[in-house]
Each structure stands twice: as structure tokens, then as C-alpha cells.
Amino acid sequence: MTIDELRDIRKRALESYGRYEAALMVCTGTACVANRAFSLVDAFRDELKKRNLVDRFLVVPTGCNGFCAQGPVVVVQPEGIFYAKVSGADAEEIVEKHLLGGEPVQRLHYRVNGVPVPLMKDIRFFAKQKFLALRHKGVIDPEKIEDYIRVGGYQVVYDVLTSGTPTGVVDEVTASGIRGRGGGGFPTGVKWRSCVEAVRRTGNEPFVVCNADEGDPGAFMDCGILEADPHSVIEGMIIGAFAVGASQGFVYIRKEYPLAMKRLVKAISQARELGLLGSDILGTGFDFDVVVHRGAGSFVCGESSALMASMAGNVGEPRAKYVRSVEKGYKDMPTVLNNVETWANIPLIMEKGARWFAAIGTGDVTENPWNGSSGTKVFSLAGDVRNVGLVEVPMGTSLREIIFDIGGGMADGRKFKAVQTGGPSGGVLPEEKLDLPVDFDTLTKAGSMMGSGGMVVMNDKTCMVQVAAYFVNFLKDESCGKCTPCREGLVAIGSILRRIMEGEGREEDPDLLREYGQTMRESSLCGLGQTAANPVLSTLSYFREEYEAHIMEKRCPAGKCKMLIKYDIDPEKCTGCTVCASRCPVDAITGSPGKVHVIDDTKCIRCGLCREVCNFDAVEVE
Amino acid sequence: MIDIEKVDEIIDKWGCDPDFVIEMFQDVQDHFRYIPRKALERIADRTGKPRGKLFHIVTFYKAFSLEPRGEKEIQVCMGTACYVRGAPDVLAAMERELGIKSGKTTADGKFTLSEVRCLGACGMAPVVTVDGRVYGRVGSSDIPGIIREMRRPQ
């Protein structure tokens, strides 16, 4: 394909899009799909077909809109009317009243304290966000390359390939200050330069790789980007390949993301069909193609050297990095590995310029990328927060703004206790740290880390010892076992945490945990082991009294540790409705209709079912 | 005896390239619901990778199983978001209802219960999936209903 043909596709796509009176943007990200978003797409299409309106109105299945808490989400463009929790049964009314009658359907508006907020731009969840990596979310159909071209896609690749130089690209990316969005925060431009130097020194052929093995539990940023805008990642990779002189690229994607994988594979084959991947891209003489590798369920494979081993069909064990993978990576060749979000930012940096990008975020990075954190960061806001979803904000936004302004505060009327950032390598931060600006360096100093962008909010019913144990058990399962400190350290820490939760904790345990954690930090082989103790160390420093309550008083203040709690029925509140007795899996509850029920503690397995099903809040935890 | 022709078909699909043995095993797992010994040996013989290395691979990655898995795969998401929203109680309810521990398969070979680390649907936490179908905002009281629905003949 030539550039004229690309422009022609764009022109036609714009014309055909402009012919429609309105477009229904239906979110088909993973969370909305779980809420039957695909049948909603069908319902709209059927309705339009039935009424012979397919030429006037368009249905666009888009990637994640971001506001998962309100899914399935539909946005009617160009007005920007936002509909929340839409089901297939609502399709007829939206078409009838809104599209044809011009009257938005009031009952489907998002509401704050009962007051409807019809326009997406007025919703507070979106107001403070700034979309760079997620610039095309909710705007295009990720499965149609024409849609990406319509919004200007692949134009910048042509500009770079024809009027740019590899050195120029590396300089531009370095000057933008962008640092690795996977969590490491290493300046992307500096990494690319090292690769170029390694190639010059060795004469070896380099590779570029996209790390889409987003393994942190509670994190779905890369999933969101790939589901919404896979071409932006491909475009970024082409530019990166040009900069370092690679002709082969790889994407390593985890198997738990079937929808993201499907869209990525489709995007690659569409790009290949149009000649945007393969040989002589856009007639520029530059060759580049991308192969997808599917992960097989291993967290440590997100680590660069493990990932490259896995890509070559081996066990995903990290190696000691005396020589960095940018010099000797995949098949011992110089390899540039960047994360999905980093790649997605690259076309934008080349389009708008380093200066523009560097002006967003914190610090003056134009001379030295280590001086700050430029650009935006995508976060997956989850847990006990009201507005669960995918969020993108300028670097330096405070945790409080993200959780309380964008996130709308705590769900279920409960109290904030802590926020977990950075996944298993990160830590837990309490209320008094909420005003910290989120960037690569600040949270690390506070004992956590920004990491790849997972942000799980926890309320006062969350036990911090359990949270620490959760991450330790996760990592114990995922540790590859190659180096001793990680393999043995996690088992040792895990067993100490278990005895604390079971009421067998010893006075010296907190110090012992700290010592083990320190040893692992200093002597483990890869990042997994070096940071594995962070969840334990951070909960210990901010919630030490909770550990002490478990150890000294044999009490779990959050009422979660099964060995330390007891369920009881409040005779004042119990109405004798029998629901709990009928649902108890071990028949531990006795009582006749209309009479106060009683739990037999010797039979109770503390499953919490009675508490969940009680309509009168009569079941208490002691 | 397993269908060795199917294994050959899978090996050919990946060009008999030793770089793609993980992909071959994924296809074998999908087809047979486990990694039969004969399939492993065939892949070793044809790609030239030592059997020991391949055995290391199938025991290293969670996607592979050396024993047949159930007809239906039930996964309880234990990502952080699901965890704080009550996934451990959901998993315990699943174990009680199916009468098996997590990671095991029911005696009738119908269900395998496993934990998964984050499906990226944190907005719906806690999440359970059955053969790819996602159930969101699940409470332990919903579990008997979900299992009943699954036991019903399709």
C-alpha cells in the first residue's frame, strides 16, 4: 500500500462515518462483556434493521469505556450522552425515543444522589482524566482497521519512516522523558539507545518485543488498551523497530485475556493485509512484522529474561542480569522490551512531539528522563471503591484525587483503610499517605510503588495480615524456584503469617518477618524475589498495631481471620425468618420460625454465608 | 491410545518449530484436556527437544495438566480486587458444593475447579467463570444456583 491509498481509506472512512446521524458506542471491554454487552450490540443492530434505520444510525462495539462500575455502558455520539447499566431490553426505547424522537432516555442516565448527569463530559469520573494511551477508547471499533485509520492511524508511521531518522526517533523518545509503563520506570529512549549501541558493537540483528503478560492481580490496564486500541500498540512497535533497526517483533500476551488476544491477532492480520506490516511498509522500503506468543499461565514470565526464555519455547526462568536483555535478550540478540502502555504512547509522542509530552506530568525531563515522570499513567481502580474502572491521569495526580474524586470514594458506605498499589511487588498505603502524588519515584519512597498501575482500594473490613499473606501465597505459587532466597523466603514468611492469622503468632514474629524480607530484597535473583516482601514490609510499617492485635490479643480487628472470630446472632435484630438456618451448609444454626436463632459455635465453619443472606444485619462477628 | 494424528496435526500447525512447543502444548491441552505422555514424547521426537525439558515445561506452566481435566472448567478469580471483595468465601462455597478442593476434578469428570489470578474484569468482582462464561458480583449464596445451572443438560 502507498501513502495515497492510506489517505484514501481515511477519506472514505470519514465520509462513511459522517453520513450517520448518530453513533451508538457500546462498550465491549471484558467487564461489560461479562454483563452481556455483545447481546446489547446485537439488540441495537436488530432494532435498527427492523426499523430500516441502518443507513442513519451506526452501532460501534468499542473497547473499554473505563467506567466499569456502570456497565454495560453506551455513549451516543456526537452528543456524548452517557447511558449506564443498559440491557438488551432497553435498545428499543433508546432507538425510539432518543435516536428518532430526540429525547434522551432519562431513566438510563448515570445519577449522583438521584440527580441525572446526561453528558459523559459532565460526569466527575471522567472530568479529571486525561487520555493519551487510552485516546481511542470508546471512539473506534478495535476490530476495524479503517476506524483506526479514520482517526489518523498509521499516518505518523509514514512520516517517521520517510522524513525521520532512527537517531532522530531515539532522541525524540528520550526527550519526551517517557519511562517504562510496566512498572520498572526505565527511560524508554535510554533503553533504545543501548540497543542501537549493542547492535553497532556486535553487528547482531535486534528484536522488539511488547510485554502484554500483565500478571499483577487486580490490574487490567494493558488488557484495556489492547481491547480498545490494538493498532496503537502495533504502530508504536513499528516506530520502535525503525529506531533500533529491527525487522521482527513479538507480542507476549497472557492467556487469561482471550478478548484482548483476539483483537490483537485480528489487528495484526488486518495491518498485514493492508501492507502496514510485512515488507516495504507504505512503500518506504522498511520491513517489519509481528508474531504473537501466548503465555501459559506463569506470573514470572512478565520479567524480561523469563519472558524471552518463554518466547523461545523454554521454561520461564529469569537469569541473573549481569548483561541486560537489551544487549543480549531473545536468542541472545539485542532486544527492546516495552510494555503495552509504553508502546501505545509512542505514536502520540512522535505525532505531537517530545516537548508536548514532557510538559504533562512531573519534573523537567527534557534534559534527563530520570528527573521526573512525564505523560500520563493508566490505572485500574478496583476493590472497595465506588467507581471501579480504568482511569488515566497525568503523572503526579494524588492518590486522594484518584480514589475520592474520580473513584467517587468508598463503596457500601464503609471507611477507607488502605490502598494497594503496584501489585505483588508494591505495597499498602494508609490514609495519611493519600496526598502523595503518584509517579515513578514518590510511592517507592513511601514503601510501595506505582508499578504497572494496579490500584486496589480496601475498606475497614480488610485484614492487613491477610492481605500480606495473600500476596505472599500468590508469589510462593509463582516463584520459579531457581534462587534460594525467593523460594525459601516466601515459604518461611508464609508460614509465619499463617500462624499469626491462626492465633499462634509469637512476639518476635514482626521482627523476624522484617529480617527475612530484607534478606530477600538483597539477595534474590530477579525483581520478583527482590520485591516480594514489600506487601509484608509495608503492612508492617503502617499497620503494626493490627499485627500486634493478632499476636498479643489473639484478635483480628477487621473480623476476617477465621480462627480468631466467632459468629453470633443479635437477638434484638433476629426476626426468626429461618433464611440463615436453611442456608447454613453445616446445619450449625437452630431456631424455629418467628424465634431468635442461635449459632452452634462447635459446628460453625465461619463461612459467612448466614451473614451474607441475613436481611436484617442480625449476624455479627466477634 | 490417544489420537497421535491429531498431535501431528498440531505439531505441523506450528511448523515443527521448537520455539513453539508451548503453543503446541496449549493446543494439545485444549484438545485432550491434558498432556498425554504419548503426545509429549511425539513432540520431543519431532522437534528434537529433550523429553526432560518438555516435562519441565508442562510442569512449570499452570496451563498444563498431566491428568485429564473436567469437561467444564470452573475458575474462581483470586485477583486482588476479587480477593478483597470476598473471593475466598466464594471459593470455599464452590469447594463445598462440588465436594472437591481447588485444583481438583470431580469424580464424574464433569468439573475442574481452579483459581485464576485476575481476568481483568475487576469491575465485576468477585468473578467466577465457567468455560469462559463470566459470572460477576458473585456471593457465596449464589454458588448452589450456578452449579445447578451447570449440571443441567445443555
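# Close-up views of a predicted two-chain model

**Figure 1. A five-stranded open sheet in chain A.** In this predicted model, five strands of chain A form an open sheet in the order E14-E13-E17-E15-E16, and their pairing is mixed. Strand E14 (389-394) and strand E16 (427-430) of chain A are the edge strands, each pairing on one side only. On average, neighbouring strands of this sheet are turned by 30 degrees against each other, direction ignored.

**Figure 2. Strand E13 of chain A and its two partners.** E13(A) runs antiparallel to E14(A), and six bridges join the two. One position to look for is A:Ser380, which stands opposite A:Leu390 in E14(A). E13(A) is also joined to E17(A), by four bridges, and these two strands run parallel. Here A:Leu381 stands opposite A:Met455 in E17(A).

**Figure 3. Strand E17 of chain A.** Is E17(A) mostly covered or mostly open? Five of the six residues of E17(A) are buried, so the strand is mostly covered. Strand E15 (residues 416-421) of chain A runs antiparallel to E17(A) and is joined to it by five bridges. Within this pair, A:Gln420 has A:Val456 in E17(A) as its bridge partner.

**Figure 4. Strands E1, E3 and E4 of chain A.** Strand E1 (residues 22-27) and strand E3 (residues 74-77) of chain A run antiparallel, with four bridges between them. A:Met25 has A:Val75 in E3(A) as its bridge partner. E3(A) is joined as well to strand E4 (residues 81-83) of chain A, by three bridges, again in antiparallel fashion.

**Figure 5. The surroundings of A:Val26 and the largest nonpolar core.** Leaving out residues up to four places away in sequence, A:Val26 touches A:Ala37, A:Leu40, A:Val41, A:Phe44, A:Val59, A:Val60, A:Pro61, A:Thr62 and A:Val74. A:Val26 is also one of the residues with the most contacts inside the largest nonpolar core, together with A:Ile402, B:Cys77 and B:Val127. That core has 255 residues. Which helix gives the most to this core? Helix H18 (residues 464-478) of chain A does, with 10 residues. In soluble globular proteins, nonpolar side chains tend to be buried together.

**Figure 6. The contact between chains A and B.** How many residues does each chain bring to the contact? Chain A brings 46 residues and chain B brings 39 residues. On the side of chain A that touches chain B, helix H2 (30-34), strand E13 (376-383), strand E17 (454-459), H18 and helix H25 (609-613) each supply at least two residues. The residues on this side of chain A divide into 23 nonpolar, 17 polar and six charged.

**Figure 7. A:Ala34 at the contact.** A:Ala34 lies in helix H2 of chain A. Across the contact, A:Ala34 touches B:Ala121, B:Met124, B:Val134 and B:Gly136. Why is A:Ala34 classed as buried? There are 23 other C-beta atoms within 10 Å of A:Ala34, and a residue counts as buried if 20 or more lie within that distance. A:Ala34 and A:Val465 are 431 residues apart along the chain, and their C-alpha atoms are separated by 32 Å.

**Figure 8. The four-stranded open sheet of chain B.** The sheet has the order E2-E1-E3-E4 and mixed pairing. Its edge strands are strand E2 (111-116) and strand E4 (133-135) of chain B, each of which pairs on one side only. Neighbouring strands of this sheet are turned by 20 degrees against each other on average, direction ignored. Strand E1 (residues 72-77) and strand E3 (residues 128-130) of chain B run antiparallel and are joined by three bridges. B:Val76 stands opposite B:Val128 in E3(B). Helix H6 (residues 87-98) of chain B lies across E1, E2 and E3 of chain B, and runs at about 150 degrees to E1(B).

Technical notes
Residues numbered from 1 in each chain as written. Chains lettered and ligands numbered in written order. Predicted model: local features only at pLDDT ≥ 70, side-chain atom pairs only at ≥ 80, totals over all residues. Pairing = 2+ DSSP bridges. Axes fitted to C-alpha atoms, helices over the stretch in contact; angles between N-to-C directions. Contact = placed C-beta atoms within 7 Å. Core = buried A, V, L, I, M, F, W, Y, C linked by C-beta atoms within 7 Å. Buried ≥ 20, exposed ≤ 12 C-beta atoms within 10 Å, placed from the backbone. Nonpolar A, V, L, I, M, F, W, Y, C, P; charged D, E, K, R; others polar.
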